[in-house]
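Subject: Structure handover and findings

Dear colleague,

Please find below the structure that I am handing over to you.

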Amino acid sequence: MNTIHVIPADGFQVRDHTGALIPAEGAEVQDSPVLQRRLREGLLVVAPKRTPLPTPDKTDDEPLDLKTLTVPELRANLTDRGVDFEATAKKPELVELLTAALVAEAETDDGAED
């Protein structure tokens, strides 16, 4: 059976076909008429699978170029980080948003080490 990556809509707790709660970060669930009804009702939202940022080889001295990521990869990484963006946002705007999110994460990480 096919699976779909879904996340619960804000404020909802939804169970999968096994009765387990679907976590806020989402999960792969079996496609079924019940799942499709929950999607239509707005209880669940289809979300891209979490795609980690590619990391350069340890021998590579060049920094990671976010411009080489595809639009779906950019959208997935922004969604994973809880960054809101317009559905019609173009690649340059997505790159800018992800850059800002990564800088904010780095600053948070640096502050936690102090």
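A residue counts as buried under 20% relative accessible area and as exposed over 50%, with partly exposed in between. R37 is therefore partly exposed, as its relative accessibility is 40%. Please note that this is a predicted model, and that the values below are computed from it.

Overall architecture

The chain contains three helices and three strands, and from the N terminus on their order is β-β-α-β-α-α. Of the 114 residues in the chain, 23% are buried. Among the contacts with a separation of 6 or more, 48% are between residues 24 or more positions apart.

Salt bridges

Two salt bridges are present in the structure. In one of them, the side chain of R37 meets that of E41, at 3.8 Å from N to O. Both residues belong to helix α1 (residues 33-41), and because they are four residues apart there, about one helical turn separates them. E41, like R37, falls in the partly exposed class; the relative accessibility of E41 is 48%.

The other salt bridge joins E105 and R81, whose closest N and O atoms are 2.7 Å apart. Here E105 is part of helix α3 (residues 91-113), while R81 sits in the loop between α2 and α3, so the pair ties together parts that are 24 residues apart in sequence. Both partners are again partly exposed: E105 has a relative accessible area of 32%, and R81 has a relative accessibility of 26%.

The buried residues of helix α2 are L74, A76, N77 and L78. For L74, the relative accessible area is 0%, so this residue counts as buried. Leaving aside residues up to four places away in sequence, L74 touches L66, L69, K91, L94, V95 and L98. As for L94, its C-alpha is 6.3 Å from that of L74, although the two residues are 20 residues apart in sequence. After α2 comes G82, which has a positive phi, near 70°.

Strand β1 and H5

Strand β1 spans residues 3-8 and includes H5. H5 has a relative accessible area of 14%, and it is therefore buried. Its side chain makes a polar contact with the side chain of E28, at 3.4 Å.

The largest pocket

The largest pocket has a volume of about 470 Å³. Its lining consists of 20 residues, and those nearest the centre are I7, A24, E25, A47 and T79. Two or more lining residues come from each of β1, β3 (44-46) and α2 (71-80). Strand β1 provides the largest share, with three residues. Sorted by class, the lining comprises 11 nonpolar, four polar and five charged residues.

In brief, the points to look at in the model are the salt bridges E41 with R37 and E105 with R81, the buried residue L74 in helix α2, the contact between H5 and E28, and the largest pocket with its 20 lining residues.

With kind regards

Key. Residues numbered from 1 in each chain as written. Predicted model: local features only at pLDDT ≥ 70, side-chain atom pairs only at ≥ 80, totals over all residues. Heavy atoms only, no water. Buried < 20%, exposed > 50% of the residue type's maximum accessible area, 1.4 Å probe, protein only. Polar contact = N/O pair within 3.5 Å; in protein donor to acceptor, adjacent residues only side chain to side chain. 1 Å grid on protein atoms, 1.4 Å probe; cavity = no way out; pocket = protein on both sides within 12 Å on 5 of 7 lines; lining within 4 Å. Points joined across faces, edges and corners; volume = space filled by probe spheres on them. Nonpolar A, V, L, I, M, F, W, Y, C, P; charged D, E, K, R; others polar. Salt bridge = Lys/Arg side-chain N within 4 Å of Asp/Glu carboxyl O. Contact = heavy atoms within 4.5 Å.
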